Protein chains: 2
Amino acid sequence: MRNRPRRYKYEEVADEVIHLIKSGTFRPGDRIPSVREMSRQKQMSVSTVLQAYYLLEAQGFIETRQRSGVYVCTRIPGNMPEPEISSPRLDPAKVSVWQLVKMMLHDAQNPKLVPLGAAYPNMNLLATQKLNRIQASIGRRKKEKSGIYDLPPEGCKALRIQIAKNSVRAGCNLAPGDIVTTAGCTEAINLCLRSVCKRGDTIAIESPISFDVLQCVEASELKALEIPTHPREGISLEALEFAIEHTSVQACVVISNFNNPLGSCIPDAKKKDLVALLARHDLPLIENDIFGEIYFTARRPAVAKSYDQKGLVMLCSSFSKDIAPGYRVGWVAPGRFREQVEWLKYTSTMATATLPQLAIAEFLASGGYHHHMRGIRRVYERNVASMVQAVERYFPKGTRTTRPTGGFVVWVQLPDRADSMQLYKRALDEGIAITPGYIFSSTDRYRNFIRLNAANWSETIEKAMEKLGKCVVELT
Amino acid sequence: MRNRPRRYKYEEVADEVIHLIKSGTFRPGDRIPSVREMSRQKQMSVSTVLQAYYLLEAQGFIETRQRSGVYVCTRIPGNMPEPEISSPRLDPAKVSVWQLVKMMLHDAQNPKLVPLGAAYPNMNLLATQKLNRIQASIGRRKKEKSGIYDLPPEGCKALRIQIAKNSVRAGCNLAPGDIVTTAGCTEAINLCLRSVCKRGDTIAIESPISFDVLQCVEASELKALEIPTHPREGISLEALEFAIEHTSVQACVVISNFNNPLGSCIPDAKKKDLVALLARHDLPLIENDIFGEIYFTARRPAVAKSYDQKGLVMLCSSFSKDIAPGYRVGWVAPGRFREQVEWLKYTSTMATATLPQLAIAEFLASGGYHHHMRGIRRVYERNVASMVQAVERYFPKGTRTTRPTGGFVVWVQLPDRADSMQLYKRALDEGIAITPGYIFSSTDRYRNFIRLNAANWSETIEKAMEKLGKCVVELT
């Protein structure tokens with residue numbers, strides 16, 4: 001404003017208020033500061049503000065309601081024309097992986113799209129209602145404790161006891177003191193990477209792997225070394241050993257049970273070999289077990305951590321896929337790196353939220369969690385089977401698909417000529433969100449792959465799969 | 001008094017009242033007997049008492065509030081000088097005080113200790129009960145939404161609108177789209193540091209500064225360059241400019257309003273100069289305003305962000321000091337670094353918890369927040385004043401203390417020979433937790449300083465302060 005000296009102060013105030021209204025800070029119908037309040041805040045005379053408000057009222061931006069205050073008009077004058085006939089979308093082929101991820105996250109917010117994109121759990125298979133109720137009850141009963149920091153940063157002891165108990169089912173003998181709670185599994189992975197690596201280090205990872213892990217590696221300024229991974233049995237130990245012996249690797253990340261997007265589950269005996277291989281080289285294994293409880297087999301698969309004798313395995317998980325994504329509660333059993341993880345936790349987010357931890361602890365202690373899990377495993381199993389069948393039914397010859405024994409995503413290899421980014425765009429036009437393979441690697445190697453979220457199943461989804469199959473045919 | 005026959009009666013009355021205030025009978029903010037009551041009690045004429053009260057008012061001991069009565073001022077004139085302006089060496093050094101911090105966090109869990117250590121807010125001055133109730137209600141009403149991820153990572157729009165609105169009071173014109181919500185202020189600071197710095201970079205920080213900030217700098221593999229900081233007016237611009245011109249500085253961190261532990265508040269005009277200085281060198285300013293709403297002055301101090309024209313100021317805050325530490329909800333307005341901050345947020349904790357954001361948004365929108373804040377500012381003001389007085393009353397000559405105009409911590413410089421670590425140990429033996437000065441710097445420069453948490457006040461605390469004063473005497 002400085003180079004327009006003829007503007008009056010009151011006009012500047014008016015402009016600022018218009019800016020706040022247009023940017024959405026003050027919405028139509030909102031009360032705005034009174035003349036007196038505004039004059040105090042801006043340290044301007046009452047008369048200047050009064051003049052500004054007169055102007056705003058004359059222009060139709062605000063209105064004064066007797067004995068109540070000054071409000072933003074509900075019919076703001078606009079100078080915006082109607083939309084043009086159509087505005088072509090950002091070309092996904094030209095965006096970075098992060099922009100692509102953001103597009104996906106936005107797709108997931110759009111209720112008009114058939115949600116086969118982001119790996120969100122089935123909303124009807126969460127325990128939200130029960131957990132909210134437990135949380136409300138704790139909020140009343142323990143109002144002092146629930147309000148205050150949950151420090152030291154290792155987190156809520158009641159919850160750590162339950163996690164330790166539950167870990168027995170995955171073959172572990174964890175003590176509550178072995179565990180640090182986190183703001184979701186993402187924080188757990190992040191803390192592990194940062195505690196065992198310095199910037200510039202190389203991390204061996206399964207490929208394909210969840211873009212969350214890839215982005216996390218990139219954000220910590222680390223390099224990802226992508227290791228060949230079997231669609232049923234997970235990371236190739238031969239390839240991993242070769243990589244360790246011929247390059248400089250500082251740690252390894254796997255999603256041991258039901259890799260996202262592959263659905264692979266490392267057989268228990270192979271997990272033992274994996275742990276032994278890394279132990280021989282004194283390398284930490286960061287194990288993501290976020291899907292481990294959603295198994296379709298008779299028995300819960302073990303975790304690699306159960307074979308850990310040197311404290312090198314850092315087991316990460318959360319309650320985001322099975323009961324409460326919005327609660328943001330995860331955890332890590334960091335083995336010998338506990339002190340470092342705890343310190344980084346403190347410096348990253350200080351403490352995990354108190355009430356959600358108490359609520360989940362109570363849900364686990366009451367047996368509610370196990371009851372819930374028994375119910376949802378069956379539904380996920382059926383939905384995944386339906387999705388695999390739909391791929392087989394509607395997709396052209398030359399398509400390949402995984403048949404996961406847990407989790408809720410299906411990984412589909414399209415015929416060579418199909419490009420997943422083109423399919424993504426075509427699918428969006430048809431009102432269907434999918435995830436293109438590009439984002440599961442730092443290279444283009446999955447250009448003809450897509451991930452389908454099979455958490456939900458319905459007639460609408462069946463029809464969407466039929467359409468999607470036709471799109472694939474068109475592209476091949 | 002008897003041997004000074006020339007003293008007037010009204011002066012004696014005034015002296016008596018001063019004695020009652022200094023001895024703690026009348027605490028800052030207490031109502032004292034009215035003129036009429038006092039004249040009855042003392043059997044003196046109304047005019048004598050009136051004269052005494054005039055004198056006390058002129059000396060700044062009491063104030064008359066219209067239609068309410070006569071009160072002890074919250075800012076009692078003291079005879080103890082302020083601490084000296086800090087003079088840290090201009091020498092970046094690695095910080096390492098984690099073990100000490102953990103001891104403090106453990107002290108804070110011990111209900112048997114008088115809690116003058118960790119800077120936890122007063123538990124009775126939080127809005128836990130109300131927020132828990134709102135959260136419970138939202139949990140019932142919006143069970144689907146409350147269960148699922150709050151993505152994209154920028155966070156809950158309803159909350160960002162409220163934060164933007166509230167920022168007007170601190171001189172800003174933020175739009176909801178300028179804000180990213182976080183898991184507390186710690187995550188906000190952490191994201192800012194990581195978005196503008198690379199490993200090994202040097203950050204100019206106020207000294208002393210909260211050990212949380214120091215730890216955060218260390219965890220991001222950055223170096224802290226401690227800048228001399230005035231106990232009332234904050235960071236020295238001369239020293240900062242010198243540092244920028246003679247060393248390599250990549251960013252600056254300040255707690256602009258009520259630095260922890262100093263209590264300093266950078267005057268608004270100086271904030272403008274600070275922003276301009278950094279803008280000339282194109283350097284980002286990470287501004288921590290976590291105590292900004294707990295002001296004792298007539299008007300809320302502005303934030304440096306309000307003077308930001310180049311998008312270089314990254315304003316961080318949270319709801320942890322005023323309403324809900326355990327909710328872990330904070331935010332950042334990262335200016336031109338928004339995209340980077342959002343990406344790092346996604347890779348650090350993915351999303352902020354859904355329900356707590358919705359609850360805080362509703363609390364702000366309903367006006368409950370402002371009502372709450374109006375109530376607690378007075379109490380904090382009184383408690384801080386009581387703490388300062390207790391230091392003056394019980395600590396030996398040679399002690400210096402701050403007189404903060406906001407926040408709830410007091411910074412005390414002990415006589416040279418006293419060592420704060422020895423005092424910490426002695427105090428623990430007496431059942432009192434304090435924070436030794438060592439942890440507010442990466443060097444030993446605050447060895448004879450302590451921070452006192454003045455959030456609470458009670459007879460027990462008064463007695464603890466008396467004991468603490470004796471311990472200091474023993475150590476000097």
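In the predicted model described here, the side chain of A:Asp419 reaches the backbone nitrogen of A:Met421 at 2.9 Å. A:Asp419 is found in the loop between strand E14 (409–413) and helix H15 (420–429) of chain A; helices (H or I, at least four residues) and strands (E, at least two) are DSSP runs, numbered from the N terminus. With a relative accessible area of 12%, A:Asp419 is buried (under 20% relative accessible area, 1.4 Å probe, protein chains only). Not counting residues up to four places away in sequence, A:Asp419 touches A:Tyr438, A:Arg447 and A:Leu475 (contact means heavy atoms within 4.5 Å).

The contact between the chains takes 76 residues from chain A and 77 residues from chain B. The count between chain A and chain B is 6 salt bridges, a salt bridge being a side-chain nitrogen of Lys or Arg within 4 Å of a carboxyl oxygen of Asp or Glu. A:Lys102 and B:Glu342 meet through their side chains in a salt bridge (3.4 Å, N to O).

The predictor gives the complex an ipTM of 0.86 and a pTM of 0.87.

Residues are numbered from 1 along each chain as its sequence is written, while chains are lettered from A and ligands numbered from 1 in the order in which they are written. Local features need pLDDT of at least 70, side-chain atom pairs count only at pLDDT 80 or more, and totals for chains, interfaces and linings use all residues, with side-chain values using heavy atoms and leaving out hydrogens and water.

Conventions: Buried < 20%, exposed > 50% of the residue type's maximum accessible area, 1.4 Å probe, protein only. Polar contact = N/O pair within 3.5 Å; in protein donor to acceptor, adjacent residues only side chain to side chain.
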